Amino acid sequence: MSKTLAFEEPIVRLREKIKELEEFTETNTVDLSEEIGTLKTRLASLEADIYGNMEPWDRVQVARHPERPTTLDYINELFEDFMQLHGDRAFGDDAAIVGGIASFEDTPITIIGHQRGKDTKENVKRNFGMPHPEGYRKALRLMKQAEKFGRPIICFIDTKGAYPGKAAEERGQSEAIARNLVEMAGLTVPVISIVIGEGGSGGALALGVANHIHMLEHSTYSVISPEGAASILWKDSSLAKQAAEAMKITAPHLKEMGIIDEIIPEVLGGAHRDLQAQASYMRDVIRVSMEKLGTLDGEGLVDDRYNKFRQMGVFSG
């Protein structure tokens with residue numbers, strides 16, 4: 001059974017009530033179909049109300065849902081003939097970033113994305129989706145390879161941030177992220193980035209210098225987590241909910257400010273409810289982006305990316 005988030009509890013209670021009545025009807029001669037129908041109508045209305053009016057903190061909780069689909073889940077649904085490539089050719093392989101080559105509707109592409117685990121063992125292996133510098137150097141190696149062979153690049157963003165440990169700093173974490181930002185800005189092939197979960201800090205930005213940036217409806221994208229912002233601003237991480245509201249980190253806010261291009265709708269309740277349906281929504285957006293960017297040459301793609309980031313943000317005097 002899927003983990004229930006706090007704001008979903010009224011929905012769960014009503015579902016349980018419907019299930020109880022259905023089981024009672026099956027084991028007894030009493031006809032409760034009318035009552036069950038009424039409750040199902042009420043359930044549909046309640047779901048539409050709750051999921052249609054989610055607060056920023058609610059979206060943060062959905063973005064962090066342990067069952068939320070990962071990069072590899074979407075790769076399996078969206079692409080064909082995926083061949084994963086490993087290593088940065090300098091230090092080692094980082095399991096927190098996966099990448100390789102595949103086909104999208106018969107078009108050869110390069111895919112790169114953050115990868116977190118589904119359980120404790122896998123999370124330890126993948127460092128909870130927080131890459132070391134070799135992960136970003138692997139990503140850059142694959143990007144430059146894609147540029148050499150003229151393949152579009154699709155990046156999936158889903159990380160709390162780059163790993164802040166001593167070993168990562170010793171191996172040049174900041175330089176690796178900065179290098180990605182610089183090199184991505186000048187790539188002469190189409191770059192599409194999609195935030196599929198948490199997009200946190202420079203660890204997310206290192207895969208986010210794209211021609212088109214899209215976000216799943218309940219994902220987040222920010223330079224810091226709500227807890228981190230609350231700790232800095234108010235010296236109290238328990239005020240993360242207020243920080244999430246103030247930071248404007250959800251897809252609707254970022255769309256309004258021109259940070260992202262498209263909001264990809266999620267299935268009712270979040271992407272973890274129906275991976276196949278969610279992948280279908282994403283496929284349509286990727287197809288449109290590929291078609292639009294396919295009309296630009298290398299210089300045009302670089303100019304498009306430059307102008308995009310120059311125009312970001314909303315300012316008031």
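Residues are numbered from 1 along each chain as its sequence is written, and side-chain values use heavy atoms, with hydrogens and water left out. Because the model is predicted, local features need pLDDT of at least 70 and side-chain atom pairs count only at pLDDT 80 or more, while totals for chains, interfaces and linings use all residues.

Helices (H or I, at least four residues) and strands (E, at least two) are DSSP runs, numbered from the N terminus. The axes of α6 (residues 133-149) and α8 (residues 173-185) come within 8 Å and cross at roughly 20°; axes here are lines fitted to C-alpha atoms, for helices over the stretch in contact, and angles run from 0 to 180 degrees between N-to-C directions. The two helices α6 and α8 are therefore roughly parallel to each other, given that angles under 35 degrees count as roughly parallel, over 145 as roughly antiparallel, 65 to 115 as roughly perpendicular and the rest as oblique. Their crossing is left-handed, a term used if the near helix is turned anticlockwise from the far one by less than a right angle, with right-handed used if clockwise. Contact means heavy atoms within 4.5 Å. On the α6 side the contact is made by Pro133, Tyr136, Arg137, Ala139, Leu140, Met143 and Lys144, and on the α8 side by Gln173, Glu175, Ala176, Ile177, Arg179, Asn180, Glu183 and Met184. By class, this contact has eight nonpolar, two polar and five charged residues; Ala, Val, Leu, Ile, Met, Phe, Trp, Tyr, Cys and Pro count as nonpolar, Asp, Glu, Lys and Arg as charged, and the others, Gly among them, as polar.

A nonpolar core is a set of buried Ala, Val, Leu, Ile, Met, Phe, Trp, Tyr and Cys residues joined through side-chain atoms within 4.5 Å, where buried means under 20% relative accessible area, exposed over 50% and partly exposed in between (1.4 Å probe, protein chains only). Met143 touches Ile112, Ile153, Cys155, Met184, Leu187, Ala206 and Leu207, leaving aside residues up to four places away in sequence.

A contrasting geometry is found elsewhere. Helix α3 (residues 56-63) packs against α11 (residues 240-247) at an angle of about 105°, with their axes 8 Å apart, which makes α3 roughly perpendicular to α11. Pro56, Trp57 and Val60 of α3 meet Ala240, Lys241, Ala244 and Glu245 of α11.

Gly117 lies in the loop between β3 (107-114) and α5 (120-125) and is buried, with a relative accessible area of 5%. Ser201, in helix α9 (residues 201-205), has a phi near 60°, a positive value in a residue other than glycine, and is partly exposed at 28% relative accessible area. Lys235 has a phi near 55°, again positive in a residue other than glycine; Lys235 sits in the loop between α10 (226-234) and α11 and is exposed, with a relative accessible area of 72%.
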